[in-house]
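Here is a friendly walk through one protein chain, from its overall build down to single residues. Please have the sequence and the model open side by side as you read.

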Amino acid sequence: MRLKRDFSLHWKNYLILFLVVELSLEVAVIPLFNAWTSLLLNLGAIPYLSYTNALSLVTSHPYITLGLLLELNILIICVFGQFALILNGVVLIKQDEFSFRAILKNTARQLRQLDPLGIFFFAGYFLLIVPFSGIFFNSPLLSKIVIPEFILDFLLQKPLYATLIGIFYLAIFILSIRLLFVLPLMLFEKVKIKAALAQSWQLTRNKFWAYTLKLLKISFIALITNLGLIGILYSIQLGLDQNPLSALIGGSINVTLLQIGSFLISVWASVALLQLILPADVTLATYKSTKKSWLSKIAKPLFALFTLGTLLGNGAYLVHLGQTPLIISHRGVDAKNGVQNTIPALRKTSQAKPNYIEIDIQETKDHKFVVMHDENLKQLADLNTSPQELTLAQLTALTVHENGHQAKIPSFDEYLSVAKQYEQKLLVEIKTTKRDSKNMLKNFFNTYKTTLKQNDHELQSLDYKVITSAKKYAPTLNAYYILPYNFIFPQTPANGYTMEKTTLNDSFVTQAKLSFKKVYSWTVNSDEDLKKAAFLDVDGIITDNVTEARWIYHNFNANTSYANRLLDAVILLPE
């Protein structure tokens with residue numbers, strides 16, 4: 001009841017606090033970090049940043065590595081600063097003394113008290129506990145600290161790994177509850193890290209379920225309120241859609257109300273959770289000033305401008321359906337209609353008319369090429385060996401099994417021949433290993449560059465050497481560099497990038513378009529992910545379900561009612 005009364009009295013201040021902090025991060029802080037990273041990579045002539053070149057970065061570019069580590073430390077300080085700003089703001093609003101001058105001064109004082117040991121603690125706390133739990137604090141600064149979905153999918157297929165992941169998440173959840181009070185103790189009571197850990201552990205002793213239930217209650221109220229808001233606005237929009245004159249204007253207003261309402265609900269939940277961990281008698285210095293702050297002077301014009309921009313942006317969203325991207329079959333299958341990377345699956349999948357079929361090829365012991373994804377044949381052929389240890393004749397004699405189907409392993413030549421019969425274009429992923437021959441790439445391009453070009457096939461690879469070799473030996477072929485993680489936009493000679501969907505965002509796609517590069521997104525299967533890809537205007541999606549993807553895109557473009565677009569906005573538009 002106390003929280004309800006407090007929030008109803010001060011909701012405008014809470015909204016301004018969270019909105020200003022969020023916009024400051026998105027408009028100023030994050031672009032500065034991106035510029036810093038890009039500058040460092042350019043100074044070192046480093047074309048991209050990924051886990052695949054992390055070791056060479058450390059050994060060949062130590063000063064660049066130090067610069068990136070310094071950036072990481074400053075990032076952690078900024079995350080701490082964001083948390084402190086919001087927590088200090090909540091305290092001052094409760095005191096009826098809300099001012100950004102007071103918030104900034106208190107936060108600066110707390111930052112000065114932060115010792116080097118605190119940096120390491122916050123690094124672990126924010127990079128591990130907060131992103132995984134997501135219970136009481138989220139930051140756009142940590143938006144890229146996620147496990148890519150393809151890694152989780154792979155691990156969850158293994159019972160042992162799935163169990164370990166479950167235990168890990170449970171442990172993180174428990175730690176999130178037991179360490180709830182660490183940061184408030186350090187911020188407001190100047191308690192050292194070791195003592196704060198002990199006190200938080202003691203404060204939550206025998207109260208784990210009590211705090212868990214409070215968190216769940218807050219989350220449940222926020223969820224139900226959000227669903228109610230969506231339902232009301234959807235019902236209103238259904239009525240407005242009956243009149244073409246009011247549909248677009250009303251839709252723009254309703255989508256804006258949805259965004260504002262959802263943001264306000266998330267602010268309420270955050271305030272409720274933060275007040276749960278605040279000391280009851282905490283007070284802060286107010287630093288009163290007789291002058292009206294510059295923010296107060298420009299607040300109303302800025303808010304009006306922001307609202308107008310949001311309305312226009314939402315209007316553009318409602319009329320912009322996004323292009324239907326190229327539909328690319330992942331490993332040559334469509335809804336488990338055969339064994340991946342095999343001829344029978346190719347014949348069936350080509351009937352669904354994908355724009356491309358994506359396949360994987362590897363070198364054999366006798367320097368030929370076979371269509372195979374896995375580096376070990378154990379899973380598909382029940383043979384504990386690699387393609388590089390067998391000849392092409394030995395490999396093509398093997399039968400592989402998957403999803404109730406079986407087929408022979410095809411050579412790359414056979415796959416190319418059948419694809420030509422069906423006039424099916426291919427996206428060929430060249431997989432490399434340490435067991436490949438020295439001249440593998442040179443031999444490949446000398447043998448296949450003409451055939452690939454004549455049939456409009458394209459290439460992709462996780463190995464950057466494949467991209468540079470493609471530009472050397474076959475410069476007219478389209479070659480895409482596969483990126484499993486979006487750290488920073490790369491500067492490479494590739495024609496485009498195949499980006500894992502988890503960290504793909506509109507900023508990356510926009511930079512790609514400005515650089516005249518294409519973007520393929522993988523692996524895109526769900527209705528939500530398919531719509532997101534279209535809204536991002538990616539050039540192509542790699543999917544396991546070609547027929548379903550084509551059906552979803554057809555309906556997505558055909559059903560243009562603003563009421564349905566309002567529902568789509570829940571997943572497509574940021575709050």
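What percentage of the 575 residues in the protein chain do buried residues make up? The share is 47%. Please keep in mind while reading that this is a predicted model.

## The chain as a whole

Let us start with the overall build. The protein chain holds 22 helices and eleven strands. Its radius of gyration is 27 Å, close to the 25 Å that the globule rule gives for 575 residues, so the chain is as compact as a globular protein of that length. Along the principal axes, the C-alpha atoms of the protein chain fill a box of roughly 85 × 60 × 45 Å.

How do contacts and surface look? If you take contacts in the protein chain between residues at least 6 apart in sequence, 67% of them join residues at least 24 apart. The accessible surface of the protein chain is about 28900 Å², and carbon and sulfur atoms account for 62% of that surface.

Helix 3 covers residues 62–94, which is 33 residues. From its first C-alpha to its last, helix 3 reaches 48 Å, close to the 48 Å expected at 1.5 Å a residue. Aspartate 96 follows helix 3 and has a positive phi, near 60 degrees.

Helix 7 takes in the 20 residues 159–178. At 1.5 Å a residue, helix 7 should span 28 Å, and its end C-alpha atoms are 29 Å apart, so the two values agree. Which residues of helix 7 are buried? They are Ile165, Ile172, Ser176, Ile177 and Arg178. Tyrosine 161 is also in helix 7, but tyrosine 161 is partly exposed, because its relative accessible area of 38% falls between the 20% and 50% cut-offs. The C-alpha atom of tyrosine 161 is separated by 29 Å from that of tyrosine 481, a residue 320 places away along the chain.

Is serine 350 buried or exposed? Serine 350 counts as buried, because its relative accessibility of 4% is under the 20% cut-off. You will find serine 350 in helix 13, which runs over residues 343–350. Leaving aside residues up to four places away in sequence, serine 350 touches Ile357, Tyr422 and Gln424.

Lysine 513 sits in helix 19, residues 506–514, and is partly exposed with a relative accessible area of 38%. Not counting residues up to four places away in sequence, lysine 513 touches Gln323, Asp537 and Asp539. Lysine 513 and valine 538 are 25 residues apart in sequence, and their C-alpha atoms are 9.4 Å apart in space. Isoleucine 253, in helix 11 (residues 244–277), is partly exposed as well, with a relative accessible area of 40%. From isoleucine 253 to threonine 432 the separation is 179 residues in sequence and 52 Å in space, C-alpha to C-alpha.

## Backbone details in the loops

Most residues other than glycine have a negative phi, and most peptide bonds are trans.

Alanine 45 is not a glycine, yet its phi is positive, at about 50 degrees. Alanine 45 belongs to the loop between helix 1 (2–43) and helix 2 (54–60). With a relative accessibility of 66%, alanine 45 counts as exposed, because that value is over 50%. Lysine 190, again not a glycine, has a positive phi of about 55 degrees. The loop between helix 8 (182–188) and helix 9 (193–203) is where lysine 190 is found, and at 56% relative accessibility lysine 190 counts as exposed.

Which peptide bond is cis, with omega near -25 degrees? It is the bond from tryptophan 522 to threonine 523. Threonine 523 lies in the loop between strand 10 (518–522) and helix 20 (527–536).

Notes: Residues are numbered from 1 along each chain as its sequence is written. This is a predicted model: local features need pLDDT of at least 70, side-chain atom pairs count only at pLDDT 80 or more; totals for chains, interfaces and linings use all residues. Side-chain values use heavy atoms; hydrogens and water are left out. Helices (H or I, at least four residues) and strands (E, at least two) are DSSP runs, numbered from the N terminus. Buried means under 20% relative accessible area, exposed over 50%, partly exposed in between (1.4 Å probe, protein chains only). The radius of gyration is taken over C-alpha atoms; the globule rule is 2.2 Å times the number of residues to the power 0.38. Contact means heavy atoms within 4.5 Å. Accessible areas come from the Shrake-Rupley method with a 1.4 Å probe; for residues, only the protein chains shown count as cover. The expected span of a helix is 1.5 Å times one less than its number of residues.
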